[in-house]
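I opened my notebook today to look over a new structure, one step at a time. Here is what I looked up, in the order I went.

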Amino acid sequence: MTQRVGIIGHGLTGIAAAVMMARGGYQVTLIGPKPSFAGGLQLAPNGLAALHALGMAEAVMEKAVQLDTILITAMGDGRRLAEIPHHDKRVYVGMGRDDLYALFQAEAIQQKNLHLVPSPAVSIARAENAAEVVLEDGQLLYFDEILGADGANGLCRSFVCGARLNRKTAPYYAMRAELPADQLPRLFSRPQTQLILGDGCHFVSYPIAGMTKINVVFCASAETLAREWQTEILQPHPLLKYVQRAAPAWAKLPLYTDSPLASWRRLQVTLIGDAAHVMPPHLAQGAGQSFEDIADLQSRLTEEGLSHALRSMAVSRAGALKSISGKAGLTGQMMRLSGLPGQLRDSLLGLTGTQLVENWLAD
């Protein structure tokens, strides 16, 4: 009998997992409304390797913008602190989130054993030999296994941890936007990641959508964002003032610094992606680690039964994520340094920045 798999959470992680499971012959139901996607994301070599294992790397590379360098400058005086060129063995790309979703959506449409249910899940319970999911519209669905891909504040994480984990505040936030490339100086359209380090904040930009759009991200604490941050921080800068003038529609995303959960599984519910590991969006590891979860599970399913593969994936990935999450979090802390520590950071990068960042990225 074909095993039934419910995937709760209809974001990038959810639809990627749904496609993989459906290709593997499982009866898959993807639960929840499609979210609206804001801005872009970067994929590092490990994320691209995971997409290659999932059979999506070629399609991604056709849509993505390959980034040649990382250019790091100081926000205060515009000094160039470091420029790190990428090479053939270290490929980084920038891509619109909606473009990446569209690639997986096209694959999902072709899977006859993949069904979309737009109503959100509101509860999970154990039924006889199955997991019961109650939807907002009153439907009852039953599955042999559930993959929780509904994020850090979702139902599945709460079920696995035994408590509601909804949080209203975060240590810092990312303000994301997409801007038409023709509204910004041509410097923004270079195939590179621009990282501008400020006092307790930082700005990142890179081209997406065939270089017709620029993804821009400003990261800062809630206290900084409570002020007139665009006027105080962007307007005085010789480049960032053009971002302010383009009047972007900013999307505010909370950034958490939690360690990955020690346990990703309870009964028939297994977490993947942000539901299991809240990955700071540094070192291009946010989406990449979610795709690694799915590729790891796919590999295990070739040799193990569904339940055993889910258990072993959860244990293995939980161990692997400890160091990766810590390094991404430490990167964010260094980017948010202020006062004298921030000045010392800039001085160190100015002296040995290229080699320092090269070594940092080597993992």
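Entry 1: How many of the five residues of strand 2 (residues 27-31) are buried? I had to keep in mind that this is a predicted model. I found that four of the five are buried, so strand 2 is largely enclosed by the rest of the structure. Next I looked for a neighbour. Strand 2 pairs with strand 1 (residues 4-8), and the two run in the parallel sense over five bridges.

**Entry 2: the whole chain.** I then stepped back. The chain has eleven helices and 19 strands. Its radius of gyration is 21 Å, close to the 21 Å that the globule rule gives for 363 residues, so the chain is as compact as a globular protein of that length. Along the principal axes, the C-alpha atoms fill a box of roughly 65 × 40 × 35 Å.

I also asked myself what share of the 363 residues counts as buried. I noted down 54%. The accessible surface comes to about 16100 Å², and carbon and sulfur atoms make up 52% of that. For contacts with a separation of 6 or more, I saw that 69% are between residues 24 or more positions apart.

**Entry 3: rings together.** I turned to the aromatic side chains. A pair of aromatic rings is described by the distance of the centres and the angle of the planes. I found four aromatic pairs in the structure. One of them is F218 with W229, which is stacked, at 4.8 Å centre to centre and with 5° between the planes. Which parts of the chain does this pair tie together? F218 lies in strand 16 (residues 213-220) and W229 in helix 7 (residues 229-234), so the pair links parts that are eleven residues apart in sequence.

Are F218 and W229 buried or exposed? I wrote down that both F218 and W229 are buried. I also noted that F218, W229 and W250 form one aromatic cluster.

**Entry 4: charges over rings.** Last, I checked for charged side chains lying over ring faces. K252 lies over the face of Y173, at 4.5 Å from the ring centre. R336 lies over the face of Y172, and here I noted 3.7 Å from the ring centre.

Notes:
Residues numbered from 1 in each chain as written. Predicted model: local features only at pLDDT ≥ 70, side-chain atom pairs only at ≥ 80, totals over all residues. Heavy atoms only, no water. Phe/Tyr/Trp six-rings, centres within 6.5 Å; stacked < 30°, edge-to-face > 60°. Buried < 20%, exposed > 50% of the residue type's maximum accessible area, 1.4 Å probe, protein only. Lys NZ or Arg CZ within 6 Å of the ring centre and 35° of its normal. Rg over C-alpha atoms; globule rule 2.2 N^0.38 Å. Contact = heavy atoms within 4.5 Å. Areas by Shrake-Rupley, 256 points an atom, 1.4 Å probe, with all protein chains shown as cover. Pairing = 2+ DSSP bridges.
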